Amino acid sequence: MSEVVVVGSGPNGLAAAVIAARAGLSVRVLEAQEQAGGGSRTADLTLPGFHHDVCAGAHPMALASPFFRAFDLPGHGVELLTPLVSYAHPLDGGVAGLAWRDLEATVADLGRDGPAWRSLFEPLVDHWTDVVDLAMSDLRRPPKHLATAVRFGLRLLEQGSPLWNRRFRGEVAPALLTGVATHAITSPRALPAVGAALLLGTLAHAGGWVIPRGGSQAIPDAMIAEIRALGGEVVTGHRVDSPADFAGARAVLFDTAPAELLRVCGDRLPERYRAALARFRYGGAACKVDFALSGPVPWTAPGCDLAGTLHVVGTRAEAMRAEQRVAEGRYAERPYVLAIQPGTVDTTRAPEGAQTFYTYAHVPHGSDRDISEDVIAQIERFAPGFRDLILGMHVTPAAGMPTHNANYVGGDISAGAMTLRQTAFRPLPRWNPYATPMPGVYLCSSSTPPGPGVHGMSGLHAAGHVLRERFGITTDPLDLLRGAPVAYH
């Protein structure tokens, strides 16, 4: 048996496995699905030759995350393509907010609200690595860069309070910001949502939201290749059902939601911990609709064709209403739709002249409804003629999400409701949120700090605890990735 076993092969589990292997430990990754990669897989979901990302499509953290900066995806053969427009937000009347990779281009596009956008983001963009370090920490220690933390905190409080409209005078800029906040599938004015908007908005102007050539699968494939090169194993089609599957390992990391840890190890966990973990809340969900198109989406607003990601919902007020409906367990008449068009920069995703296009629409937790007609109507609202381009379609209702990723309980692709409490204390209010009372067993998924996203940082933080507590290795995991020798205490 390997010294370290990782259950689940999402980016966090693979990050933990890479670090353990770099430390010279024997590593085995066990994945229930036939294809490794978790939410970063790519598959032909509609028609042959149309390559869709199973979940994550654009990757703001692929160049920014401390893990990926140290791992160096380009150095491992991953070609990261950067759209000129990181994200777009179409509005009625043929206009759109455009978050250009260049901050000043965005400011110029926003007209009278341009200076307000600059004052919001320029101090964060100028110190983007500090912003990332703050957001990607384990949320248990004082910030390393106090000035940046203050700048970030003041903007967080502004946009998470009744003051959020005072900065802007028009409709476009506030909608552009709210579209990013709504990624969190909660009220766009909730502090966790605003924090996500400030982080992702900063990265939009500091490197951009990159798209891997060929599909998101390129990211886990690079990590798997590294694990195997270091002597580790990645085993697919192996569903872990009991502790017998990892008997003999000195450390086990679950890249899973708490529900899976309970399923596998429930009778080995203390009753109090088990009951607390069972109270972990899962949040609003997503229905994914994939399209094979005969050509590009005919957006009315100029510039939308240049964006890798679009937030399709309308005004800030419409986004608020749509998310409120979802929070109440109801369906929005005009749902928030997050759309990805990788063909903006990657011609390998579809046959020549055609386009791969996929969307996520927010729906109530556990929804089994196919809302593809609502999604098509929302796209048609801003791109008349879209329906006529559809060659094929694939729908995954929220209730079907766990069939391809058990972490998405009830269709919650954030692996836990993004409440203020569950952002700061994922999954439980413990000083070490990764360790469990079961000796040698840890959590390292998006259900632990710093939360959802393809960044590898939950795996990195958990791996740091594993190395110190189970193997006496004191080398910083980031230094291990950079080639530092292994040190013991």
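The legends below accompany several close-up views of one predicted model.

Residues are numbered from 1 along each chain as its sequence is written, and side-chain values use heavy atoms, with hydrogens and water left out. Because the model is predicted, local features need pLDDT of at least 70 and side-chain atom pairs count only at pLDDT 80 or more, while totals for chains, interfaces and linings use all residues.

View 1. An unreviewed UniProt entry places the feature "domain: Amine oxidase" at residues 13-241; UniProt positions are given in the numbering used here, feature names are shortened, and annotations may be inferred rather than shown by experiment. Follow the span from end to end and you will find its end C-alpha atoms 17 Å apart. Helices (H or I, at least four residues) and strands (E, at least two) are DSSP runs, numbered from the N terminus.

View 2. E226 belongs to helix α9 and R22 to helix α1 (residues 11-22), so the pair ties together parts that are 204 residues apart in sequence. A salt bridge is a side-chain nitrogen of Lys or Arg within 4 Å of a carboxyl oxygen of Asp or Glu, and by this rule the count comes to 20 salt bridges. E226 is buried at 11% relative accessibility, whereas R22 is partly exposed at 22%. Buried means under 20% relative accessible area, exposed over 50%, and partly exposed in between (1.4 Å probe, protein chains only).

**View 3. D92 and R381, linking a loop to a helix.** The side chains of D92 and R381 form a salt bridge with an N to O distance of 2.9 Å. This pair links distant parts of the chain: D92 sits in the loop between β6 (85-91) and β7 (95-100), and R381 in helix α13 (residues 372-382), 289 residues apart. D92 is partly exposed, with a relative accessible area of 46%, while R381 counts as buried at 17%.

**View 4. A network of salt bridges.** D53, E79, R213, D346 and R349 are linked in this network. Within this view, look for the D346 and R213 side chains, which meet at 3.9 Å, N to O. D346 is buried at a relative accessible area of 1%; R213 is partly exposed at 32%.

**View 5. Q217 and its polar partner.** Q217 lies in the loop between β8 (211-212) and α9 (218-229), and it is buried at 11% relative accessible area. Its side chain makes a polar contact of 2.6 Å with the side chain of Q35. A polar contact is a pair of N or O atoms within 3.5 Å; within protein, one must be able to donate a hydrogen and the other to accept it, and residues adjacent in sequence count only if both atoms are side-chain atoms. Leaving out residues up to four places away in sequence, Q217 touches Q35, A36, S40, R41 and T42; contact means heavy atoms within 4.5 Å.

**View 6. The enclosed helix α10.** Of the 8 residues of helix α10 (residues 258-265), 6 are buried, so the helix is largely enclosed by the rest of the structure. The buried residues are P258, E260, L261, L262, V264 and C265. They pack against β10 (251-254), α11 (271-278) and β16 (441-443).

View 7. S414 lies in the loop between β15 (390-396) and α14 (420-424) and is buried, with a relative accessible area of 5%. Beyond its neighbours within four places in sequence, S414 is in contact with A184, R426, S446 and P452. One of these partners, R426, is joined to P427 by a cis peptide bond with omega of about -10 degrees, and P427 is in the loop between α14 and β16. A cis peptide bond also joins P449 and P450, with omega of about 5 degrees; P450 lies in the loop between β16 and α15.

**View 8. Positive phi values in two loops.** D72, although not a glycine, has a positive phi of about 70 degrees. It lies in the loop between α2 (66-71) and β5 (80-81). L139 has a positive phi near 60 degrees and lies in the loop between α5 (128-135) and α6.
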